Amino acid sequence: MALTDTAIRNVKPSDKPRKMSDGGGLFLLVQPAGSKLWRQSYRFDGKQKLLSHGSYPTVSLQDARAKREAAKELLGKGIDPAADLKSRKKKKGESGETFAVVAQEWFDNRKTGWTERYASRLWNRIENDIIGRIGGRPIAEIEPWEILEAVRKIEKRGSLVMAGRVLSTCGQVFRYAVSTQRAKSDPSRDLRGALRTPNPVQHHKAMKASELGPFFKALSAYSGDEQTVLAIRFVMHTMVRTTEARLAEWEEFELDTKEPVWRIPAERMKMGNGHVVPLTPQVLAILRKLRKLSGGSKYVMPTTTKEGVISQNTMIYALYRMGYHSRATVHGFRGTASTILNEQGFNSDWVEAQLAHTDRDEVRAAYNSARWLPRRRKMLQWWSNYLDKVEAGNEVKRERPANAFFGCREMEAIGRVSSHWP
């Protein structure tokens, strides 16, 4: 039975490759990953052979049928369609099976599972650093040294981590080409160990608990802009990243509710997943002051600059002026909070969720935006109270409330976590 566009559009992938015949040897191969590939089977010199006609919808049903008829015409003249196609590609120096074409197809199949920001950044890497160098080469003919030569250009810019990421992406494209019968192997696998090793990560400096008291004194004495001081306090209490805070918009906040929250959209998060931040009374007080300073702007921390919000360096420069150059960073407050909360016995899962450290499992990651929300709210309230006590000069003793934190994972697994929180 002949195919129709409606049938092709509506077909769902299954666990195994599925063939949908259109007659005359032409069929659509529906892969488990969702790609739809045109193939034509034929016999030449007594051997069964297979011809590729591209992928749907790039190649329409009508176009695929035209390719089938052209192939049958060649067979009638005693010409092998596959050999003829290869010869014509070689003469033209171009191919429908170039790295650029296959990379675009791979990207189109995958991007639906990514945020727009991440997808755009990933494609820019491929387009600028790889396609510009080997994009016109038939993907089945690309040699390992060609890939290495392209990636070395990234290394020479000093972007060693990026070079590794681009090489990994190339490997995904080649493996996709193998799975769709347009390449026999992944040449990037032969480059393992060929790239330079990046320097060890230099972690942001984090204050020790004993250093928070003196810091608050310096912050209170700071004569700079009030908005900057409030911004620093906001970051300390919420444990968010600097960029997440400075780009915050008022419409993201649900303030007039019993349990106020800040919903940060996925496109603004480093890991590409939306994040929900519980707001304590201390944070609400900070926001009220910021609202008065915002002058009706849609941003929580606006300025008259081109970007419309305080710059990436506003808070860190304030720390420098307070005498904390090379001693602390704004981002380091996240590490300080993590260390103290873990030492106090809070469940590490709650701490990681509040820091928006993405779970490697994509399904769980999508669920993490509000994960542990009631318990994170209690934890953040303890943290805000802790900061208030430290600033007031009160000693904060180590607490481990009975049945609240110790062994939380085990107790939660059997439903015995106490409903009493500090």
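Helices H8 and H12 pack with their axes 10 Å apart, at an angle of about 105°. Angles of 65 to 115 degrees count as roughly perpendicular, so H8 and H12 are roughly perpendicular to each other. The model is predicted.

**H8 against H12**
- On the H8 side, the residues in contact are Glu211, Pro214, Phe215, Ala218 and Leu219.
- They meet Leu319, Met322 and Tyr324 of H12.
- By class, this contact of H8 with H12 has 7 nonpolar residues, 1 charged residue and no polar ones.

**H8 against H9**
- The axes of H8 and H9 lie 11 Å apart, and the packing angle is about 155°.
- Angles over 145 degrees count as roughly antiparallel, which makes H8 roughly antiparallel to H9.
- The crossing of H8 and H9 is left-handed.
- H8 contributes Leu212, Phe215, Phe216, Leu219 and Ser220 to the contact, while H9 contributes Val229, Ile232, Arg233 and Met236.
- The contact of H8 with H9 divides into 7 nonpolar, 1 polar and 1 charged residues.

**Nonpolar cores**
- The largest nonpolar core holds 58 residues.
- Within this core, Phe215, Ile232, Leu287, Leu319 and Trp383 touch the most other members.
- Elements giving two or more residues to this core include helix H8 (209–221), helix H9 (226–238), strand E6 (261–264), helix H12 (314–324) and helix H16 (373–391).
- A second, separate core has 30 residues, among them Leu122, Ile147, Ala163 and Val173.

**Around Trp383**

Methods: Residues numbered from 1 in each chain as written. Predicted model: local features only at pLDDT ≥ 70, side-chain atom pairs only at ≥ 80, totals over all residues. Heavy atoms only, no water. Core = buried A, V, L, I, M, F, W, Y, C linked by side-chain atoms within 4.5 Å. Buried < 20%, exposed > 50% of the residue type's maximum accessible area, 1.4 Å probe, protein only. Helix = DSSP H or I, 4+ residues; strand = E, 2+ residues; numbered from the N terminus. Axes fitted to C-alpha atoms, helices over the stretch in contact; angles between N-to-C directions. Parallel < 35°, antiparallel > 145°, perpendicular 65-115°, else oblique. Contact = heavy atoms within 4.5 Å. Nonpolar A, V, L, I, M, F, W, Y, C, P; charged D, E, K, R; others polar. Left-handed = near helix turned anticlockwise from the far one by under 90°.
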